[in-house]
Amino acid sequence: MDNNQLIAYFSMEIALRPEIPTYSGGLGILAGDTLRSAADLGLPLVAVTLLHRKGYFYQHLDAAGWQTEEPVEWVVEDFLTELPGRVAVTIEGREVQLRVWQYLVEGVKGDSVPVCLLDADLPENGEWDRRLTHYLYGGDPHYRLCQEIILGIGGVRALRMLGHDTLERFHMNEGHAALLAVELLNEQAAAAGRCSMRKTSRPSAKCASSRPIPPCPPGRISSRGTWRCG
């Protein structure tokens, strides 16, 4: 893998292809089109999302008009390549191991954008933790927050593990990956020999959200809940 990307693009859902149910609607379509355009233009970009082994859901309507849903089953190995190495995040005091799968978005001129899909379904994790990367937008707010820890914090750690050390921009497609700012601050604190983020300087990387947010002082959380690092 070429690890000279300058931009990291984080999204809870990405429409890569119809057979891969890692999206539910407009946000995922936007993300997929953004990555295809980046590949066409040869931009130095890498993307991060979750694996979503059981997708969003299949919807069925019976003769009376009642809706039922069922998980989407797909064979991950038919479309993705597992990358070596593991990273871990801490959730409620538990260490949750993550592996990374890769999909390449190919551009019209031969360039490609690597997409890293995080997967917690590993034997070393507890049964509940293994399900954290199963369902797109599944469960309650507790489940969703755990997913956001994996996406934001685990995503940054996965990129570092894979050798992406030249990143200058971290783009969040909506605020689902906002916790990546916490991990970037942790990196700065560790580099400065501090064990607390309270007195550390702001990350040198720039963060942006795909939606306009009201101006706020640098390094603060805006009313829209997304982080601006510069």
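Predicted model: local features only at pLDDT ≥ 70, side-chain atom pairs only at ≥ 80, totals over all residues.

Visitor: How are helices and strands assigned here?
Guide: They're DSSP runs numbered from the N terminus: H or I over at least four residues for helices, E over at least two for strands.

Visitor: And H4 itself, what span should it have?
Guide: H4 covers residues 180-191, and its 12 residues at 1.5 Å each should span 16 Å. The expected span is 1.5 Å times one less than the number of residues. The end C-alpha atoms of H4 are 17 Å apart, which agrees.

Visitor: Which residues of H4 are buried?
Guide: Leu180, Ala181, Glu183, Leu184, Leu185 and Ala189. Buried means under 20% relative accessible area, exposed over 50%, and partly exposed in between, using a 1.4 Å probe and protein chains only.

Visitor: Zooming out, how many helices and strands does the protein have?
Guide: It comes to 4 helices and 9 strands. Along the sequence the pattern reads β-α-β-β-β-β-β-β-α-α-β-α-β.

Visitor: What share of the protein is buried?
Guide: Buried residues make up 47% of the 230 residues. As for contacts (heavy atoms within 4.5 Å), take the ones between residues at least 6 apart in sequence: 60% of them join residues at least 24 apart.

Visitor: OK, over to S1. Is it enclosed or open, and why?
Guide: Largely enclosed by the rest of the structure, because 4 of its 5 residues are buried.

Visitor: Which strands does S1 pair with?
Guide: S1 pairs with S2 in the parallel sense over 4 bridges, and with S8, also parallel, over 5 bridges. Pairing here requires DSSP to find at least two bridges between the strands.

Visitor: What stands opposite Tyr9?
Guide: Ala47 in S2, and His171 in S8.

Visitor: How does the chain get from S1 to S2, and with which hand?
Guide: It crosses through H1, and that β-α-β crossover is right-handed. In other words, with the strands pointing away from the viewer, the path from the first strand over the helix to the second runs clockwise.

Visitor: So let's look at H1. Which of its residues are buried?
Guide: Leu27, Gly28, Ala31, Gly32, Leu35, Ala38 and Ala39. Seen down the axis of H1, they fall within an arc of 135 degrees, so they line one face of the helix. The arc is taken from the directions from the helix axis to the C-beta atoms.

Visitor: Why would that kind of spacing put residues on one side?
Guide: An α-helix has 3.6 residues a turn, so residues three or four places apart point the same way.

Visitor: What do the buried residues of H1 pack against?
Guide: Strands S1 (7-11), S2 (45-50), S6 (94-106), S7 (112-119) and S8 (169-173). On the other side of H1, Gly26 and Leu41 are exposed. H1 is followed by Gly42, with a positive phi near 70 degrees.

Visitor: Switching topic, how many salt bridges are there?
Guide: The count is 15, where a salt bridge is a side-chain nitrogen of Lys or Arg within 4 Å of a carboxyl oxygen of Asp or Glu. One of them links Arg17 and Glu19, with the closest N and O atoms 3.0 Å apart. Arg17 is partly exposed at 32% relative accessibility, and Glu19 is partly exposed at 40%.

Visitor: Last one: is Glu148 buried or exposed?
Guide: Buried, with a relative accessible area of 19%. Glu148 is found in H3, residues 141-161. Leaving aside neighbours within four places in sequence, Glu148 is in contact with Met12, Ile153, His176 and Leu179.

Conventions. Residues numbered from 1 in each chain as written. Heavy atoms only, no water.
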